Amino acid sequence: GLDGMHGALAPSDLLGLAALVSSSWEDPLSLIVRTSHSCYGSLLECHDIQCRLIGVDPLPLLKKLCDGLTAVGFHKKGIYTPLTHLSKRLGPLRTLELCPNCIRESIGTAGHANDATCTAAAGFLKHFSRTLLSEGLRSDLRAWMDTWQGPLTAALVHQGQGARQNASLYLLPIFLEADPRCLAVLLSSLLSRKNEEGLGQSEVAAAVSVLKCAKGLDLISRVEEELKCPEGECVWLDKEVPRSAIVSSLDSTRVETLELLCASWKKTSLPGRGELDLLRRAIPVELTCASMGFRSRFVTLLSKFFERILIATRSARSRRRADDRWRAEHGKGREAKEAAEDEEAELRECISFLIWLRGPLSL
């Protein structure tokens, strides 16, 4: 056994060292925290080497270490780097077997934790969810989503404004980036929660958060009734959902809706007719808001929107000139006629919107 091997650390010694190292995980000095995390990783490596040399199963000690981490509590930011080290040794499926609540509890930090803890939890989830998808579940989208969709939906819908903001900022991008196919499934699930009166305020806010995150990751280009999602998937977005978000009693939801409509990952992309129609509804409403913080954010977002139109218009003009030069030299244009006509129609829509905008802004 390990106890009889010269120079080897007995399991009890490793557990004692792990307990000693863990006492520094919440130290206010980040250097001490990083060093203690590194020491924990070295302990795991030492144990792995010893077990391979002697031919001993490493699992019993790893299980005890896993129990020790969960006993500390997922609300502590210091456990997430050690948990990542441990999951690398165990593998994703064995980690879920020994710690079945690790994903649920990590997502749960959005509801009751500060930014530092959410960031630490996101770091663990980013590694673990990708490994689980690629190695553990072999790209089985439905099985993978079953491990996190429920807790994430709860954070977005049921746990209040703070949890929704933390979940959409720190956690949601992890899963959408890991496999963009989950966007259509997640959106469809949220939008199907409506009753006879439609979606509730929290469901609307959650849907807007998902749409805003997806647009920021360039997974959707425009907010339309027929949302074009990755892998050719389409989701039907009831027009009452963004309309309800525009007049929501929550300032955060109205701000996120404006961000969704005004900003774009591609600044050379003009807003679509649907987005312009929603802005026609939103701008008169938001101009009546008395909150100085909201009005300041509103002005900033409008400035971004004007910048987006300016950049997209200049880009369109540059493409048109290049196409005209090509046409003069080769007798035909490089762009398809339909694409040029669609772009011309979008420009006319934007001009019409800007002319309309003079009315509300002049009041």
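**Salt bridges, helix packing and cysteines in a predicted model**

Lys212, Glu256, Glu259 and Arg297 are linked in a network of salt bridges, a salt bridge being a side-chain nitrogen of Lys or Arg within 4 Å of a carboxyl oxygen of Asp or Glu. The model is predicted, so that local features need pLDDT of at least 70 and side-chain atom pairs count only at pLDDT 80 or more, while totals for chains, interfaces and linings use all residues. Residues are numbered from 1 along each chain as its sequence is written, and side-chain values use heavy atoms, with hydrogens and water left out.

H12 (residues 201-216) packs against H14 at an angle of about 30°, with the two axes 9 Å apart; axes are lines fitted to C-alpha atoms, for helices over the stretch in contact, and angles run from 0 to 180 degrees between N-to-C directions. Helices (H or I, at least four residues) are DSSP runs, numbered from the N terminus.

The structure holds 18 salt bridges, and one of them joins Arg254 to Asp251, with the closest N and O atoms 3.0 Å apart. Arg254 and Asp251 are three residues apart in helix H14 (residues 251-262), which means that about one helical turn separates them. Arg254 is buried at a relative accessible area of 9%, whereas Asp251, at 34%, is partly exposed; buried means under 20% relative accessible area, exposed over 50% and partly exposed in between, with a 1.4 Å probe and protein chains only.

Other pairs reach across the sequence. Glu349 forms a salt bridge with Arg273, the closest N and O atoms lying 2.6 Å apart, and because Glu349 is in helix H17 (residues 337-362) and Arg273 in helix H15 (residues 273-286), the pair ties together parts that are 76 residues apart in sequence. Arg273 is exposed, at 56% relative accessibility. Arg308 pairs with Glu275 in a salt bridge whose closest N and O atoms are 3.6 Å apart, linking helix H16 (residues 292-330) to helix H15 over 33 residues. Here Arg308 is buried at 2% relative accessibility, and Glu275 is buried at 0%.

Just after H4, Gly91 takes a positive phi of about 90°.

The cysteines complete this walk through the structure, which holds zero disulfides, a disulfide being a pair of cysteine sulfur atoms within 2.5 Å. The sulfur of Cys46 is 9.2 Å from the closest cysteine sulfur, in Cys51, and is therefore too far for a bond. Cys46 is partly exposed, with a relative accessible area of 25%, while Cys51 is buried, at 3%.

Definitions and conventions
Helix = DSSP H or I, 4+ residues; strand = E, 2+ residues; numbered from the N terminus.
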